[in-house]
Amino acid sequence: MSAIRKWPDAEAARSTLHEAAVEAVREIAAQTKVRVAAVRRLGPPRNRRQTRHALATMNAFDAWCRQASAVLRTVPAREAGTAFARFRGAVLDIPVPPLHGAAVNLQALPYHRPASAAAPVAAFRHAADTLTERLRTVEPQPLPVLRPPGFARLREGVLAEPVDERIAALLEAAPHTALSFRACAALLDTSFLTREVGRRFAAATEGFSALEHRPPPGAPVPCRRLAPAYTAVAADYLLRVREALPAYAEHSGQTPPYARHPPTAPGEQAVECGR
């Protein structure tokens, strides 16, 4: 097995993730305010043309919020993502049919009459206002610094040395700016009886699972730095798991403890697992 390359500093990567989360929430909040203003200007439609405009405006806002929600899932900003999820739930409760272009048959729409169009417009406006206010007050928190547990056991029939080799292979095979969250999580889940190993990995990389290598379309510019930052944090965690594997093997009754092969690669730092 060849030496594993040196990864970027995990602490600097966590700072990058926090900055990207703050920037993304602020930018999305500003865009939401502008789009809410467009919804505010809608009154009860008085004719088919105004009905079509109202539906198009609301559907455009809905589509944009789905995109913004996808962006927020990729950054460590749980409260902002929750606000969008609640908004989506409120919107789904509003019986507004989708508008499929100018050729839509307005006679087929249940809300082409002014009296029946007012209620969904008002409900949509309320949900959007609630979302705007929530985003304005959200303060994304930095990701926690989490280490693998000091005590962990491997699953029955799983040997430490092959796990060590799989981690090394996973890190070596990673592209220059990304690492697969799914592959890392699956490796930890299938290798360890102690679920805390995988739980801490997921908590230390919150948002990585929704990213998987690239930001969604329309993501704020700072989000372009998410993939390499998450990769650095994930790699740091996996390297610490590697360092702890001899102890984990002993906890699992695998004696004598195996000798790590290869030894600590050039550029790696020996680490201690947190308790």
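1. Arg155 is partly exposed, with a relative accessible area of 28%; here buried means under 20% relative accessible area, exposed over 50%, and partly exposed in between (1.4 Å probe, protein chains only). The model is a predicted one, in which local features need pLDDT of at least 70 and side-chain atom pairs count only at pLDDT 80 or more, while totals for chains, interfaces and linings use all residues. Residues are numbered from 1 along each chain as its sequence is written, and side-chain values use heavy atoms, with hydrogens and water left out.

2. Arg155 forms a salt bridge with Asp189, the closest N and O atoms being 4.0 Å apart. A salt bridge is taken as a side-chain nitrogen of Lys or Arg within 4 Å of a carboxyl oxygen of Asp or Glu. Asp189 lies in helix 6 and Arg155 in the loop between helix 4 (114–137) and helix 5 (160–173), so the pair ties together parts that are 34 residues apart in sequence. Helices (H or I, at least four residues) and strands (E, at least two) are DSSP runs, numbered from the N terminus. Asp189 is partly exposed, at 38% relative accessibility.

3. How many salt bridges does the structure hold? There are twelve salt bridges. One of them joins the side chains of Glu206 and Arg78 (3.4 Å, N to O). This pair links distant parts of the chain, 128 residues apart: Glu206 is in the loop between helix 7 and helix 8 (208–211), and Arg78 is in helix 3 (residues 78–92). Glu206 is partly exposed, with a relative accessible area of 21%, whereas Arg78 is exposed, at 57%.

4. Asp236 and Arg240 also form a salt bridge, with the closest N and O atoms 3.1 Å apart. The two are four residues apart in helix 9, so about one helical turn separates them. Asp236 counts as buried at 18% relative accessibility, and Arg240 is buried at 13%. A network of salt bridges links Arg147, Asp236 and Arg240.

5. On aromatic rings, the count comes to six aromatic pairs. Rings of Phe, Tyr and Trp (its six-membered ring) pair if their centres lie within 6.5 Å; planes under 30 degrees apart count as stacked, over 60 as edge-to-face and the rest as tilted. Phe181 and Phe201 form a stacked pair, 5.5 Å centre to centre with 20 degrees between the planes. Phe181 lies in helix 6 (residues 181–191) and Phe201 in helix 7 (residues 196–204), so parts 20 residues apart in sequence are tied together by the pair. Both Phe181 and Phe201 are buried.

6. Phe192 and Tyr248 form an edge-to-face pair, 5.5 Å centre to centre and with 85 degrees between the planes. Phe192 is in the loop between helix 6 and helix 7, and Tyr248 is in helix 9 (residues 226–251), 56 residues apart. Both Phe192 and Tyr248 are buried. Ring pairs also link Phe181, Phe201, Phe208, Tyr230 and Tyr237 into a cluster.

7. The largest nonpolar core has 70 residues, and those with the most contacts inside it are Phe84, Leu135, Leu179 and Phe192. Such a core is a set of buried Ala, Val, Leu, Ile, Met, Phe, Trp, Tyr and Cys residues joined through side-chain atoms within 4.5 Å. Helix 9 gives the most to this core, with 16 residues. Leaving aside neighbours within four places in sequence, Phe84 has contacts that include Ile28, Trp64, Leu72, Leu131 and Leu135, where contact means heavy atoms within 4.5 Å.
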